[in-house]
Amino acid sequence: MTSRPPFFAIGLLSGCVLAYEVLLTRLFSMVLWHHFAYMIISAAMLGYGASGTVLTLLKEKIAPHVGAVYLIAVTATAFLMPAAFLLAQQVPFNPLELLWDKTQPGKLFAVYLLMMLPFFCGGLAIGLIFWRFGSEAGRIYAFDVLGAGAGSLGVIGVLFLAPPEKVLIILTALALLAAAIATIEMKMRLKWLTAAYFGLGLLVTAALPGTWPQLHPSPYKDLNQTLNIAGARVIEEYSGPLGKITVVENKRIPFRHAPGMSLNAVDEPPPQLAVFVDGNGPAVITKFDGKLASLSYLDQLTSALPYHVLEQPRVLALGAGTGSDVLQALYHGATSIDAVELDRNVIDLVRQRFRDFAGNLYTQPGVQVHEAEARGFINASDDRYDLIQVALLDSFGVASAGLYGLSESYLYTVEALQTYVSRLTPDGILAITRWLTLPPRDSLKLFATAVVALERDGVPNPAARLVMIRGWKTVTLLVKNSDFTTREIEAIKAFTRTRSFDLAYYPGMRTTEANRYNRLEQPYFFEGAVALLSPQRQAFIDRYKFYIEPATDDQPHFFRFFKWDSAAELFALREQGGMPLIDWSYPLLVATLIQAFAASILLILAPLAVSQCRRTLPAARVALYFLAIGLAFMFMEIAFIQKFVLFLAHPLYAVAVVLCAFLVFAAAGSWLAERWQTKAAGSRHVFLSVIVMGAVSLLYLAVLPDLFQALIHLPDAAKIAISVALIAPLAVCMGAPFPTGIMRLAQTAQETIPWAWAINGFASVVGAVLATLLAIHLGFAMVILLAVLIYGLAAIALRGFA
């Protein structure tokens with residue numbers, strides 16, 4: 001074997017591994033309910049860290065067989081990418097059962113370890129080349145990082161062309177291609193290996209059945225539940241980076257999707273097709289023959305309320321999707337309708353594939369469809385609307401089970417509501433409809449958010465601008481750009497009375513007017529609304545059983561309702577039906593943190609502690625330094641991934657772009673660190689990096705909200721470029737501390753380097769999950785500030801190195 005490193009093979013392998021990391025966020029969204037980015041990043045760090053420990057302990061035995069071990073590791077990576085995920089699907093893990101099934105934490109741990117395996121093998125292959133060709137580490141690192149950056153972004157483009165499960169096979173073939181290239185670059189003696197790997201790659205892509213691999217979404221997802229109904233069948237499927245769209249029809253038991261329709265209604269919906277995104281839903285495409293009379297059922301929903309206050313409004317429908325809100329606006333005589341939808345595939349369903357069934361809905365006179373993110377569209381538009389309607393985007397099952405507790409939703413933050421109201425005409429109305437959950441959770445949280453938004457806009461009496469009604473299944477909140485008039489309030493009363501909807505709040509409402517039709521033990525909604533408008537609002541929020549603090553862009557977890565204060569009480573009621581009241585997603589995050597801590601000790605630190613390395617424990621300052629920079633780096637990365645979800649409009653885009661930018665520019669920082677190899681210069685430049693990082697972070701915390709608002713309307717390509725440019729200075733600074741510390745140890749205490757690597761790996765594994773937990777409680781800004789402070793602590797510790 002030659003002494004030349006496999007540069008191109010390393011770049012391609014690294015790209016495959018990072019693409020796989022991004023791809024897992026899509027796959028988890030499809031088979032479960034959440035992208036689980038924090039767990040995937042943690043599993044990746046665990047794999048890399050464990051591979052470093054194994055390499056440290058076995059390097060002498062591996063040394064005579066570097067080429068063979070490298071190819072074995074690459075081959076294992078290739079086949080484990082689909083195999084580990086498919087095996088993880090066989091683990092009967094169900095997040096919904098986490099709190100009462102004692103076996104679920106173990107199953108979660110099994111999924112976590114399976115997800116780690118491809119990263120372990122990939123990390124072992126890359127680490128082996130770094131160790132074997134250490135004198136050329138700079139060039140190897142350049143190919144490694146550039147490949148990783150290209151992979152994390154390139155997978156987004158591939159997802160436009162192939163469904164996620166097929167991308168798994170593409171990555172397997174590319175990893176085998178990387179092995180073939182390595183045999184050429186490393187001039188392996190067995191020439192047939194090159195042809196074998198090329199042939200194996202072609203075989204994987206060409207010979208596998210078209211139905212393989214198959215995803216197995218949770219049986220509790222809405223799509224699977226729907227397909228259990230007699231007569232239901234899938235008639236169309238589309239896939240893209242934003243979701244897998246499935247269209248279902250049922251001629252035997254027709255769909256009747258009319259969320260919260262009045263029990264007094266006598267008209268039924270026309271024929272409908274159900275549309276699911278990643279198995280969640282349904283939304284529906286309603287058959288429309290051009291006759292508005294067939295849409296009369298839409299006047300029996302709580303969401304129809306604003307049309308009885310306004311006459312012939314100009315409407316903006318956010319999250320228009322398959323067009324139900326557009327049909328409702330047409331029925332009520334809207335003069336013009338702007339429909340905003342993020343996913344082009346959803347728009348094309350209505351505008352092309354099912355155009356005739358939908359009655360050419362999106363080409364009707366006065367209807368204009370915009371492919372855009374909701375807040376980006378509003379920020380870019382100077383138009384004013386009489387009515388802005390925010391669609392009921394999630395399914396009832398998902399909402400009521402607390403499945404979105406960890407999801408960032410920038411549609412329902414204080415800043416979002418301020419933006420919506422700013423685009424209303426002087427007497428315009430913002431209407432938001434949510435599912436009704438009992439005891440009240442998101443409806444009161446939304447009401448509190450609206451109160452704070454109006455207060456921030458300087459409205460002296462928010463109570464005069466709010467109305468809330470409820471049916472048996474939905475709640476609709478109205479936020480007016482001026483005070484509600486007596487005539488409008490009478491119209492609201494008449495609307496609710498004829499449909500047997502309950503008044504939850506209107507200006508001047510009396511307690512006796514609440515809780516008349518869909519009776520509860522107490523008028524919880526009215527009492528909650530009154531409390532949220534009173535001077536004792538914060539006290540009410542603090543003592544409420546659920547977390548209903550208004551969501552903000554810094555803490556956009558609108559669907560988080562879990563409170564530790566109430567957990568024990570609700571858990572004690574599990575046998576009386578109390579378990580559905582607990583938001584499972586937050587305990588899942590805590591369980592993941594515990595397992596990350598345990599797994600990193602078991603697979604990274606413990607093997608070193610029982611080996612000969614136990615005799616070379618690093619000094620406390622060295623341990624503190626590598627622990628600090630590992631935590632701080634992950635805090636920054638996770639916080640900015642979540643921060644950029646708003647700007648880039650989707651978690652998948654944010655994960656790919658932020659990972660790419662941090663990797664590439666941290667590599668540049670590492671290259672600069674190599675030029676600061678003297679002891680004094682290294683400490684000085686790390687300290688300078690921390691100062692620059694702190695200054696840039698503080699600047700970003702001040703300007704990013706306004707900057708995002710000003711630029712959010714730009715095309716995706718432009719936003720990606722801006723995101724990379726914003727992250728670059730931070731990442732360059734963050735790339736310097738690790739190599740500086742390693743080079744310092746190489747000069748003073750080389751035998752402690754394995755421990756430094758392991759401690760840093762431990763911090764990275766735990767930090768990915770801990771950062772998410774802290775962001776939920778403290779906000780992204782505080783996590784970023786904590787990262788800067790921890791980096792400062794590391795800089796001080798570096799000065800104490802021997």
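These legends walk you through several close-up views of a predicted model. Local features need pLDDT of at least 70 and side-chain atom pairs count only at pLDDT 80 or more, while totals for chains, interfaces and linings use all residues. Residues are numbered from 1 along each chain as its sequence is written, and side-chain values use heavy atoms, with hydrogens and water left out.

**View A. Two cysteines, C16 and C121, without a disulfide.** A disulfide is a pair of cysteine sulfur atoms within 2.5 Å, and the count here is 0. For C16, the nearest cysteine sulfur is that of C121, 14 Å away, so that distance is too far for a bond. C16 is buried at 2% relative accessibility, and C121 is buried at 11%. (Buried means under 20% relative accessible area, exposed over 50%, and partly exposed in between, using a 1.4 Å probe and protein chains only.)

**View B. R256 and E268 meet in a salt bridge.** Such a bridge is a side-chain nitrogen of Lys or Arg within 4 Å of a carboxyl oxygen of Asp or Glu; here the N to O distance is 3.2 Å. Both residues sit in the loop between β2 and β3, 12 residues apart. R256 is partly exposed at 40%, whereas E268 is exposed at 54%.

**View C. K493 pairs with E490.** Their closest N and O atoms are 3.8 Å apart. The two lie 3 residues apart in helix α15, so about one helical turn separates them. (Helices, H or I of at least four residues, and strands, E of at least two, are DSSP runs numbered from the N terminus.) K493 is buried at 19%, but E490 is partly exposed at 45%.
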